[in-house]
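Here is a short briefing on one chain, for reading beside the sequence and the 3D view. Keep both open as you go.

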Amino acid sequence: MVEKHFLTRLVVSMSNPNLRRFFGFGLVALALLVLLRLYRRNAQGARHARVARAPSPPRSPRKTRVTCLTNNILFSEASIARIKATTGTASQIVPKLDVLDQGAVAVLDLARHSELYVITQCESDEAEAAVQAALQELGVFDAGLNRHRVLFCEKEEGRIAIARQLDSELHFDDNVTSAATLQRFLPQSVLISSSASGPVESFSSLELFLSQHPLPSMTRQSSSS
């Protein structure tokens, strides 16, 4: 009875023009509110979709990690030996090393296009200072070589240990025994020697190797220029 009485009153009320107009406006407002919410939800979804589809910025290609002995590749062994013989003198003048021209050009290229570490086998602080000074004068640091990647050792085993510890991808050495030993542990070990022989890849100069086997970053730069 209550429900019947309520429906009767509702029908009578709706016969009032003012109430019909009020309910009409209410329905229109409700419909607009629903449409507005649907629009916002669709717009937000589209924005998220655009963000998800947006391409990520290209990553800089990683450079090849290279270890390179300087003895007889960049500097003559005789000039290093001369400095070693003068250890203990009071002279404050840093001796100069004899630079191998082909090696200098190639090392500059390596400094620009690789993660380069240079290794020098020597036995004195004077020789180490001479190597640092020569690299500075040649512009190898300006080309991209980090100073903390200039490394030294006193024995042949030291150069092998350094290259293995750094997990080098490409190693250059002037000693056939060292190059052959590292060939077992590294992706590529190359002997640089004018009298190249033995069971290891060899070239007469570092420059000759790079001319025939340029690093990936060298190839990318050539194609883009």
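Is F209 buried or exposed? F209 is buried, because its relative accessibility is 1%. The model is a predicted one. The chain has ten helices and six strands. Start with the sheet, then move to the helices and the aromatic rings.

**Whole chain**

- Of the 225 residues in the chain, 33% are buried.
- The chain exposes about 14400 Å². Carbon and sulfur atoms supply 57% of that area.
- Among contacts with a separation of 6 or more, 59% join residues 24 or more positions apart.

**The sheet**

- Six strands form an open sheet in the order β3-β2-β1-β4-β5-β6, and the pairing is parallel.
- β3 (150–153) and β6 (201–203) are the edge strands. Each has a single partner strand, so one side of each is left without a neighbour in the sheet.
- From one strand to the next, the twist averages 25°.
- Strands of a sheet pair through backbone hydrogen bonds, either parallel or antiparallel.

**Strand pairs, along the sheet**

- β2 and β3 run parallel and are joined by four bridges. V118 has V150 as its bridge partner in β3.
- β1 and β2 pair in the parallel sense over six bridges. Here V66 stands opposite L116 in β2.
- β1 and β4 pair in the parallel sense over three bridges. C68 has F172 as its bridge partner in β4.
- β4 (residues 170–173) and β5 (residues 189–192) also pair in the parallel sense, over three bridges. H171 has S189 as its bridge partner in β5. D173 stands opposite L191 in β5.

- β2 is mostly covered, with eight of its eight residues buried.
- S114, L116, V118 and T120 point one way from β2. E115, Y117, I119 and Q121 point the other way. All of these β2 residues are buried.
- In β4, L170 and F172 point one way, while H171 and D173 point the other way. All four are buried.

**Helices on the sheet**

- Helix α4 (residues 101–113) lies across β1 (64–69), β2 (114–121) and β4. Helix α4 runs at about 135° to β2.
- How far apart are the end C-alpha atoms of α4? They are 19 Å apart. At 1.5 Å a residue, its 13 residues should span 18 Å, which agrees.
- The buried residues of α4 include G103, A104, A106 and V107. L108, L110, A111 and H113 of α4 are buried too.
- Helix α5 (residues 125–138) lies across β2 and β3. Helix α5 runs at about 155° to β3.

- S79 is found in helix α3 (residues 77–85).
- S79 counts as buried because its relative accessibility is 0%.
- Which residues does S79 touch, not counting those up to four places away in sequence? They are L97 and D98.

**The aromatic cluster**

- The count comes to two aromatic pairs.
- F172, F203 and F209 form one aromatic cluster.
- Why does F172 count as buried? F172 is buried because its relative accessible area is 0%, and the cut-off for buried is under 20%.
- F203 is buried as well, because its relative accessible area is 10%.

**Where the topics meet**

- V118 is one of the buried residues of β2, and V118 has V150 as its bridge partner in β3.

Note on methods. Residues are numbered from 1 along each chain as its sequence is written. This is a predicted model: local features need pLDDT of at least 70, side-chain atom pairs count only at pLDDT 80 or more; totals for chains, interfaces and linings use all residues. Side-chain values use heavy atoms; hydrogens and water are left out. Helices (H or I, at least four residues) and strands (E, at least two) are DSSP runs, numbered from the N terminus. Buried means under 20% relative accessible area, exposed over 50%, partly exposed in between (1.4 Å probe, protein chains only). Contact means heavy atoms within 4.5 Å. Two strands pair if DSSP finds at least two bridges between them. Axes are lines fitted to C-alpha atoms, for helices over the stretch in contact, and angles run from 0 to 180 degrees between N-to-C directions. The expected span of a helix is 1.5 Å times one less than its number of residues. Accessible areas come from the Shrake-Rupley method with a 1.4 Å probe; for residues, only the protein chains shown count as cover. Rings of Phe, Tyr and Trp (its six-membered ring) pair if their centres lie within 6.5 Å; planes under 30 degrees apart count as stacked, over 60 as edge-to-face and the rest as tilted.
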